[in-house]
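Dear colleague,

I am passing on the structure below, together with some notes on what was found in it. Please read them with the structure open beside you.

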Amino acid sequence: MIRRISAQAFQACEILEGRTTMTGTRVAGSRLVGRRMTGTKATGSRVTGTRVAAVIVTVLCILLNIAAPLDGHASQRSIPSKPLVLIGEPSRDDGASLWSRAGLVSRLEDSGYELGKTLFVYTPREPYGDLDSGAYTLRQMLDETIEATGCSMLDVAAYGVSGLVLRFGLEMGIIRDGLVDNAIMLSTPQRGSFLADLLLQACTVVKHECLFERETRYSRFSPFGDVSPTLDPGTISSRSTGDLPASIGSSYFSWEGEAWWVAQRAREIYEPLYSQYVQERFLSLPYVPVDSPKQTFAGWIKQNRPHIWENCIAAGIRPPFGPLPGDALDGPPQAGYDFTVAYYELLAMAVGRNQYVVRMASSGSLGQALFGPSHGPMPGSLKDAIIQYGLKALLHYAKKALVTVKAEVQRMIADSIVSSIGYLDSAESQFLRRLVKEEVLVNLGTSAGQRFYRVPANYYLDQINRRSSSSSYTRNTRFVSITGRVTNLLGIVWPQVAPNNLFCEVDSAVPPQGPRDTIRVFNGFLSPSYLNLLKDKQVQDSIVSLLLEPDELAQVTTGHSGQQQIRVSSWQPSYVSPPWGTAGDQVFQVSVSIPSLPEGWGCAVWVEGYDGGRWLPVPGWNQLLTSGTKTDVILKHTAYRIGLRLVRTGTVNPYTPGGKVESAFEREVSGKALLSVDPLSTAEGAPWGNSPGEDMWGGSTPSEGVWGPGAGYMGDDNGPATVPAAPGSGTDPAGTGSWDDSPGENGPPGSAQSPAAGDGIPGDIPSVRVVYRNKHTTLWKPHETYHVYWEVDFGDGETVVLQGQPRLKIAHTFNPSGQYLVRAVSYDNHNDVLVEKSWNVVTGGEPEVREFCCSSIIPPEVELELIGPQKWVTGKHALFSGEVTWKLPDGAHIVSVDCDPGERFHVLWERSGEFAVYWAARLTIDYELEDRVIRVKNTYVTEKQVDVFTPGITR
Amino acid sequence: MKNRMGLVLRMSLPVCACLLIGTLLVRWILFGDSFVFVTVEESSLNAITGWPLTMPELSQVFIDTGEKILVTPGKKNLLGICLGVYYSASSQGVEFHERLVLSRTGKAVLDLTAPVSFVAPGIDGEAVELVNNLARVVSGKLKIVKTRRDGTVELEYGSKRIVLGPGESWAELLVLEPGGPRAISADRWKEELDRCVRLAYPATRLAIANRGFWPKSGVKAGIAGD
């Protein structure tokens, strides 16, 4: 579906198989041109005379103190066009804001900002309470600023947790997308902070210690009383799975409260296990030297109680009450919905071992103290007896009192720590829960390669970031993350606390990255003094530069001089544009290829359009290129440019066996993209096969299709969902405006032709040059995903594995008067979980037979045909065309079809012999199952043998 | 007289240097790029009376016997080192003291009877001692008197003389009963320990293990990025 944009403005955009076409009217305003000129880095073939003239003019400008730089390196810093709001962390301190103390306010004033007119400083005086209430507070403040200044958008710089609140507001729509142009977030715990985990664990342990102290106070001080011993660890067999209720992880789970649950788990499981750990590990005889003298309690459980570890920690990746309801992300924290089962188990583990120590310290009655091991010789007189036994009694009660004192002191310390943090209101602060890291590292203390285990902890934050990740390509606010990096001197011994900055690790300070986002990591800031970060001149310069300087734009030149190399970075986008001239109706085809990339990284390529006020991404116009892949983008208007940036495809913070947590964003990773630009004739229109306005189903039904030359296919997700407002029209970037169902005036797809190839072949048909026999015309590998077997756990101890049967139908007899959680898991051909479904079964007084039905993924029937010559000669292009036909099962539909090297392609052999030509097609299929949609991408490859001869002259 | 003294001094300097170099050379010839590593674990039943706010384990030395890796808090000069002794004291799984001794002479002394301190802030800000040193039942100093070329170490503990070859270990569980300290036999340790827990008797296990030769290249400083 192509939508219309009103009046003079163009917009017909299509992306098909990595090929992008953009058409449009020209922008009349000089503002755009001026901006482009100032942001352009001279890279190409300017004539020497022009360079000399430019240098002379530049020197004259400098001499005359006129800022008129001509290239990107000496770009002009413009005056602020938008207000800037600086938001600090909540603080009860009435003194100057941290921004003023750090000198950033004066630095910004020097750069043209005016306090009260274009620069606003805001420090919340009360804690935010929660993310959503904080976001509403910020929205109100931003609305007031908008009202006061009359501007339609602004920039925001937020420090610490305020950055998280701001981002939450933007992600959840509390703050309108587009209202904030640049959201600069400094040292913000975007993925949580290790300190919050430590503090929450400490507060939990202290709370439970106080509860224990109160419960045992009478028995401890009673002359004949004693605290009850730890439960017998013998009741927890070596095959125990931890006694989690079957309903945990589902909405049927119930508890009396979070503290109750943690206390129960600590008392029944972890405290007895800890006593066993202490005895076996530290006091047993005969002594067997352990392989890991530094093994921790968690490591001991993992090694000696693997079933408990697997069931309670490794598998406890969801909250006790199951996943959050869809609309609960912007609601108040809900215990049991925000932390995972595994994290609750870790809390119970900490409480359990602390409780064991406290219980041991509290044990012993007065009688044992008086007549215990160190009673010494019998007193010779009554006076001696009074002194001897009196002292012992005093010592006994002092020891008992120490438990009370310690509990109270710890509570006071915890309270004072919490109250010293401006954004927390109490030790029970809900905000603290939000700041626990998405994943915490558990120290196992075993071998150097297995010392730490990553446990999903903050499910809520994880969900927020997942949502953020999915919208990162479409949001209109650019996220800028600035943080410091400090070498953690205990990095190998103690990496779980902070691989880098002591307060906010680099990877935790970086939110899910959109391609336009920017990261700046500075060295050597020994937090916790945040002022060290803000005071730094480099940081201040960076903020000013990000706000006031235009993006650096590289111009790719045309011609046959080969490909131009552009540096792509993981920290910031690179922008390129073709060499727009003064003539109208210019069309350029920009080819972007990625020769190689570091492992775990891909290169995002997208198109941005200028809406008269700022550059915005064109939704849907983006691609992720991997090593050895390429794409073509056709630009038909100066108001568009191409962005390139490395994006992380691997783990964000991989843990390396050496004991160190690596941050993907700690250091800038760079790669290179090769670009070439070819001018196209506008009369030929868009170089693609079919009209994007037509329905391009090739088959008779949506479940049967054919795609190939002349057929064309464009799924819903491939179409241009939205395009930015017309260049120069000034329409709202949020997407208001009218849309057209027909292509733009320059956009009727017609015969594909490009003069680019230079060897006489049509430019839109990819060409593969083959020299060696092992050359593959596609690098895509066959890959399919489909159901292989079911694993059904009936919740009563019986588990069955069923091969095949993608439509599961199974019956089972349940015992009377029971509650069972039945769980069916479908595994695919890679042994990964495909579908998971659970049922809660409650039986009455009689045995009951229940039947369960569930569907998984059935592979489609796909056939590939590659048409082309069987015999060919060297030095001439052979044309091949591929065709794919498919038949889908019910409930499945095709989203897109991609092929490599193209639906039609040329092969040019440079030597004779027997060769194989490979062609690949990738089908993206959505399977609509009972309660979810699963998307799979299947790649199919076919080949055709060709005999290649060298033509000769026969006499 | 002065000249004679000066001459003696001048003569003694090269002699000392030669002795030092000779000693190091002998050590290098005997032990090469490795050293004998011994671990000493003192584990008490109830020597700790409390646990401060929950914190991750703050021990600074990490030992991986599988890979023979020793992570230390800082860089160590390993020139001539032929013996490494790691001593840790814990109670109820809470480590409250650790020490790493690297010896060039093959000898080392650990004074196990010396009081150990582990403090937490008290109600008025004063330090509260959490280690009950009276509940640490040990026999005296532990001396490693000799490290042989084949990796065997000779130890003296109290009145005992212990010889441990590479891979060998020794342990003793002492209980402080009304009649004085008593060693518990290995076949009844569980019952005896349960009794100690019930009666709140102090008990301490001292375990010594000769971990054999460890490569010096396995000693790493605990600094990120190294």
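Two strands are said to pair if DSSP finds at least two bridges between them, and helices (H or I, at least four residues) and strands (E, at least two) are themselves DSSP runs, numbered from the N terminus. This is a predicted model, in which local features need pLDDT of at least 70 and side-chain atom pairs count only at pLDDT 80 or more, while totals for chains, interfaces and linings use all residues. Residues are numbered from 1 along each chain as its sequence is written, and chains are lettered from A and ligands numbered from 1 in the order in which they are written.

Chain B has two helices and 15 strands. Of its 226 residues, 38% are buried, a residue being buried if 20 or more other C-beta atoms, placed from the backbone, lie within 10 Å of its own. Two residues are in contact if their C-beta atoms, placed from the backbone, lie within 7 Å, and among contacts in chain B between residues at least 6 apart in sequence, 68% join residues at least 24 apart.

Strand β3(B), residues 69-72, is joined to two other strands of chain B. With β2(B) (residues 62-64) it runs antiparallel through three bridges, and in this pair Ile63(B) has Leu70(B) as its bridge partner. The two strands form a hairpin with four residues between them, and Lys68(B) in the turn has a positive phi of about 55 degrees. With β15(B) (residues 219-221), β3(B) runs parallel, again through three bridges, and here Thr72(B) stands opposite Ala221(B). In a regular strand the side chains alternate between the two faces of the sheet. In β3(B), Ile69(B) and Val71(B) point one way, Leu70(B) and Thr72(B) the other way, and all are buried.

In chain A, helix α9(A) (residues 297-304) is mostly covered, with six of its eight residues buried, among them Phe297(A), Trp300(A) and Ile301(A). The elements that cover these buried residues include α8, α10, α11 and β8 of chain A.

Helix α8(A) also packs against α7(A) (residues 194-221) at an angle of about 75 degrees, with axes (lines fitted to C-alpha atoms over the stretch in contact) 11 Å apart, angles running from 0 to 180 degrees between N-to-C directions. The two helices are therefore roughly perpendicular, a term used for angles of 65 to 115 degrees. Thr204(A), Lys207(A) and His208(A) of α7(A) meet Ala259(A), Val262(A), Ala263(A) and Ala266(A) of α8(A) in this contact.

With best wishes

Key. A residue is buried if 20 or more other C-beta atoms lie within 10 Å of its own, exposed if 12 or fewer, and partly exposed in between; C-beta atoms are placed from the backbone. Angles under 35 degrees count as roughly parallel, over 145 as roughly antiparallel, 65 to 115 as roughly perpendicular and the rest as oblique.
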